[in-house]
Amino acid sequence: KRKSIVEDIPGVTRDRIYGKAEWLTKEFRVIDTGGIQLADQPFRDEINMQVEIAIDEADVILFVVSGKDGITMDDEYIARLLQKSRKPIVLAVNKVDDFSQNDAIYEFYNLGLGDPIAVSAAHGIGTGDMLDEIVKAFPDKQQKEYEGMTRFCLIGRPNVGKSSLVNAILNQERVIVSDIEGTTRDAIDTPLKRNGREYILIDTAGLRRKSKIHEDLERYSIIRTVTAVERADVVVMVIDAAEGVAEQDAKIAGIAHERGKGVIIAVNKWDAVEKDDKTIYKMTEKIKQTLAYMPYAEFVFISAKTGQRLDKLFELIDMIIENQSMRIATGVLNEILAEAVAMQQPPSDKGRRLKVFYMTQISVKPPTFVVFVNDKKLMHYSYTRYIENQIRNAFGFRGTPLRFIIRERKEDK
Ligand code: GDP
């Protein structure tokens, strides 16, 4: 399907485009890039930076050349560049629009990247064979090994102290296994033990690498954030106490919110702020305003430098993971619902009043509820929020978003 830039992050004019795909029951993410630019062109550096990140992030690289042009000098150059990545490479020769042109692919053996596959993007020819090869090259997932352990990650703007926090956490704790051998994906999971509990710290690739170029790259690393967030149960959104919150923070935290993850707002560099008895309150209010869509988020004021309140951070992680997995029995849930409806009459429109019949929890992580009503159109957002608040008052669910699915049911049933 046609897709344009998906993440609206200021300063990123040419993002990588990515989407989810499935082939032979394997799910994967496709990252499109602006293409490698060799000649001096506007945006060249930025585009190449994007390509570099994409290559870094990928498990398999699909190198697309044009069967109409034959091997070009650029193809040769890029082939060497890709080989350096040591990632599996699938070579697709595109624009082979009919079978009689199939010979065109043979010269591409000279690139030394294995069997070229003839495809036509325009006509959809050969893409199945190509996908077979791509899927074959995927690394085996080793996730099973860590089952039952709480997975968390740190996200946030550059320089808020994410890598300092990772280091502070890892220096305090016994790292169960460091630098796990295997795929890039596994290498960024760090299992650790704290107070007898086991956690997986999901590190965005290269977080602990330090170089000037990398700091710049970090600005473009939304895809890394997305990957880490999707694999985490609890997301720690780091904010610099001195800098405060900005619009960009709302976008970054939104990645966790949309995916239903538990969220902790960790206000870092607390050691460096001048504070009085109102500072925490004021700062919390300001952040809550900017991140108004996630009133459930928990707060902790920490310092990577001194290690202040890292214990509290882990307490919150433990609490949130429990809340995310909490199941409420249908009977109890409907008692709360009946009470809520009695206390505040459901809205009506043109003489027709909303009736809320019944509700049940269908899943966890995040806790998801189905609510049966007489007419979906009458179920306003604000009434859903009201019911959510009543549920939260009764059961807490601190730190996790809740999801509501509204379904219609005939009245006589
Ligand atoms: P990242 O880009 O989010 O990974 O941020 P870094 O971990 O590289 O930190 C950016 C800068 O903030 C570095 O100069 C750190 O030394 C500093 N820093 C990080 N955490 C703290 C903290 O808790 N207190 C103080 N005073 N400085 C910190």
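**View 1. Who sits around Gly156 in this predicted model.** Setting aside residues within four places in sequence, Gly156 is in contact with Lys162, Met237, Val238 and Ile252. The glycine itself belongs to the loop that links β6 (150-155) to α4 (162-172). With a relative accessible area of 14%, Gly156 counts as buried, because the cut-off is under 20%. Look for Ile239 here too: 83 residues separate it from Gly156 in sequence, yet their C-alpha atoms are 6.6 Å apart.

**View 2. Asp233 and its polar contact with Lys365.** Here we're in the loop between α7 (222-231) and β10 (234-240), where Asp233 is found. The Asp233 side chain makes a polar contact with the side chain of Lys365, at 3.5 Å. Asp233 is another buried residue, at 12% relative accessibility. Neighbours within four places in sequence aside, its contacts include Met149, Thr150, Arg151, Lys261 and Gly262, and also Ile321 and Gln324.

**View 3. The open sheet β15-β16-β17.** Three strands line up in that order, with mixed pairing. β15 (356-363) and β17 (403-408) take the edges with a single partner strand each, so one side of each has no neighbour in the sheet. From one strand to the next, the twist averages 25°. Strand β16 (residues 368-373) runs parallel to β17, and six bridges join the two.

Terms used: Residues numbered from 1 in each chain as written. Predicted model: local features only at pLDDT ≥ 70, side-chain atom pairs only at ≥ 80, totals over all residues. Heavy atoms only, no water. Helix = DSSP H or I, 4+ residues; strand = E, 2+ residues; numbered from the N terminus. Buried < 20%, exposed > 50% of the residue type's maximum accessible area, 1.4 Å probe, protein only. Contact = heavy atoms within 4.5 Å. Polar contact = N/O pair within 3.5 Å; in protein donor to acceptor, adjacent residues only side chain to side chain. Pairing = 2+ DSSP bridges. Axes fitted to C-alpha atoms, helices over the stretch in contact; angles between N-to-C directions.
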